[in-house]
Amino acid sequence: MSESISEGTISKWNKKAGDSIQQDEEIVTIETDKVNAPVNSPYTGKILEIFANEQDNVVVGQDLCKVELGDAAASADTSKEDSPKQVPEPESKQKEDTPPPPEPEPTTTSKPTTPPTPQPSASPTPPPSALPTPPPPFEPQTPPPSAPSKPSQPSSKAKEESPYGVREEREVKMNRMRLRIAERLKESQNTAASLTTFNEIDMTNIIELRNTYKDAVLKKHGVKFGFMSAFVKASTIALQEVPAVNASIAESGDTIIYRDYVDMSVAVATPKGLVTPVIRNAHLLSFVEIEKAIAELGQKARDGKMTIEDMAGGSFTISNGGVFGSLLGTPIINLPQSAILGMHATKDRPIEIRPMMYIALTYDHRLIDGREAVTFLKTVKEQ
């Protein structure tokens, strides 16, 4: 994991106990608050035991499973001495683990076997003292089965007794990415002095440009020519003209960090939540290069193959709510950035009917003044 990640949730086991595995084969996927991280086996062999189930939280350095080394290691002449040591070790460990009760307790799979073993051993030796001791372990064990049954009982009662017909409620645990998104959005609201200014763009020229060249671009470069490349390019020009919008406030709170480059974050919707992969040095890229970068990052996000490096950094963000039909909106700043541009739906409006789009710049008023925000939007509009 990267340095910023200390724990995760097991999303999916691709193997189970008893399955054979190959070196570098992906055996389990761990979901973090940023990406899904595949875990590959460092060995060829067989999985003897799994220590954590799906949806369990695990920390960096925690053992996930026990692997018995396979024939690949034993067949090599150089590993003849190692193979008998490595293979019997797990067998001897298992034999040692079964008789004493304290050793199986740390593993989740052996927990159900621990309660029966102390009971017979405790009851024959001291019958009077065994009577007070069993109730404590049994009492905490009885609530867990009753606890899950309690939520199911009210739901069934609601179905039967509700005068409004069949009405159900479902509780679904938030995934780590959604939890992290919630934390960051609330942190942004609590930190930045957010303010939003609006402007509108006559989209006639850019629509004509797109219609003229979209087929040629697709044929020659294999990417669709959309509006995002135009807005990214226009924003990079505006960011260089109004450097405060591309700047950020340092953690100390009394220092401004100005940048002579533009790393453009582009909001991408995925089934697990909104992610903001970064287009590096966007100010140096052409329309086609920007479209290729957006297409590649968008595909990685939808496939769940986004890496930490893909999302790290970013000096400014563009969020296109117009693809979903949004007419107006005030996006939330992507900290530690100081501003975010919101694109919205293009609508035909009279006097002379033209395709018009509202754009919104939400900015941190601690750093950016209204004059700079409006100047930025006007520059995007003109570009």
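A: Ala, Val, Leu, Ile, Met, Phe, Trp, Tyr, Cys and Pro count as nonpolar, Asp, Glu, Lys and Arg as charged, and the others as polar. The model discussed here is a predicted one.

Q: What makes the lining of the largest cavity nonpolar, by class?
A: The lining consists of V266, V268, P277, I279, I294 and L297. Val, Pro, Ile and Leu count as nonpolar, so the lining is classed as 6 nonpolar, no polar and no charged residues.

Q: How many cavities of 30 Å³ or more does the structure hold, and what volume has the largest cavity?
A: The structure holds 1 cavity of 30 Å³ or more. The largest cavity has a volume of about 40 Å³. A cavity is a space where a 1.4 Å probe fits but cannot get out.

Q: What makes a pocket something other than a cavity?
A: A pocket is an open set of points, whereas from a cavity the probe cannot get out. In this model, the largest pocket contains about 950 Å³ of space. Its lining is made up of 39 residues, and R184, L274, T276, N334 and L335 lie nearest the centre of the pocket.

Q: Which elements give two or more residues to the lining of the largest pocket, and which gives the largest share?
A: Two or more residues come from each of helix 8 (176-191), strand 13 (273-275), helix 12 (308-311), strand 15 (316-320) and strand 16 (339-349). Helix 8 gives the largest share, 6 residues.

Q: How is the lining of the largest pocket divided by class?
A: There are 17 nonpolar, 16 polar and 6 charged residues in the lining of the largest pocket.

Q: Why are strand 4 and strand 6 said to stand at the edges?
A: The open sheet has 4 strands in the order 4-3-1-6, with antiparallel pairing. Strand 4 (36-40) and strand 6 (57-59) each have a single partner strand, so one side of each has no neighbour in the sheet. From one strand to the next, the twist averages 45°.

Q: How do you know that strand 1 pairs with strand 3 and with strand 6?
A: Two strands pair if there are at least two bridges between them. Strand 1 (residues 7-13) and strand 3 (residues 26-31) are joined in the antiparallel sense over 4 bridges, and 3 bridges join strand 1 to strand 6, also antiparallel. Both values meet the cut-off, so both are pairs. Within these pairs, K12 stands opposite T29 in strand 3, V28 in strand 3 is the bridge partner of W13, and E7 stands opposite V59 in strand 6.

Q: Which strands does helix 8 lie across?
A: Helix 8 lies across strand 1, strand 3 and strand 6, and runs at about 150° to strand 1.

Q: Why is strand 17 described as largely enclosed?
A: A residue is buried when its relative accessible area is under 20%. Of the 11 residues of strand 17 (residues 354-364), 9 are buried, so the rest of the structure largely encloses this strand.

Q: What pairs with strand 17?
A: Strand 8 (residues 194-202) pairs with strand 17 in the antiparallel sense over 9 bridges, with F198 opposite A360. Strand 16 is joined to strand 17 by 9 bridges and also runs antiparallel to it, with R349 opposite R354. Strand 16 and strand 17 form a hairpin with 4 residues between them.

Q: What makes the phi values of D24 and N281 worth noting?
A: Most residues other than glycine have a negative phi. D24 is not a glycine, yet has a positive phi of about 70°, and N281, also other than glycine, has a positive phi near 50°. D24 is in the loop between strand 2 (20-21) and strand 3, and N281 is in the loop between strand 14 (278-279) and helix 11 (287-302).

Q: How do you know which peptide bond is cis at P336?
A: The bond from L335 to P336 has omega near 5° and is cis. P336 is in the loop between strand 15 and strand 16. Most peptide bonds are trans.

Terms used:
Residues numbered from 1 in each chain as written. Predicted model: local features only at pLDDT ≥ 70, side-chain atom pairs only at ≥ 80, totals over all residues. Heavy atoms only, no water. 1 Å grid on protein atoms, 1.4 Å probe; cavity = no way out; pocket = protein on both sides within 12 Å on 5 of 7 lines; lining within 4 Å. Points joined across faces, edges and corners; volume = space filled by probe spheres on them. Axes fitted to C-alpha atoms, helices over the stretch in contact; angles between N-to-C directions. Contact = heavy atoms within 4.5 Å. Buried < 20%, exposed > 50% of the residue type's maximum accessible area, 1.4 Å probe, protein only.
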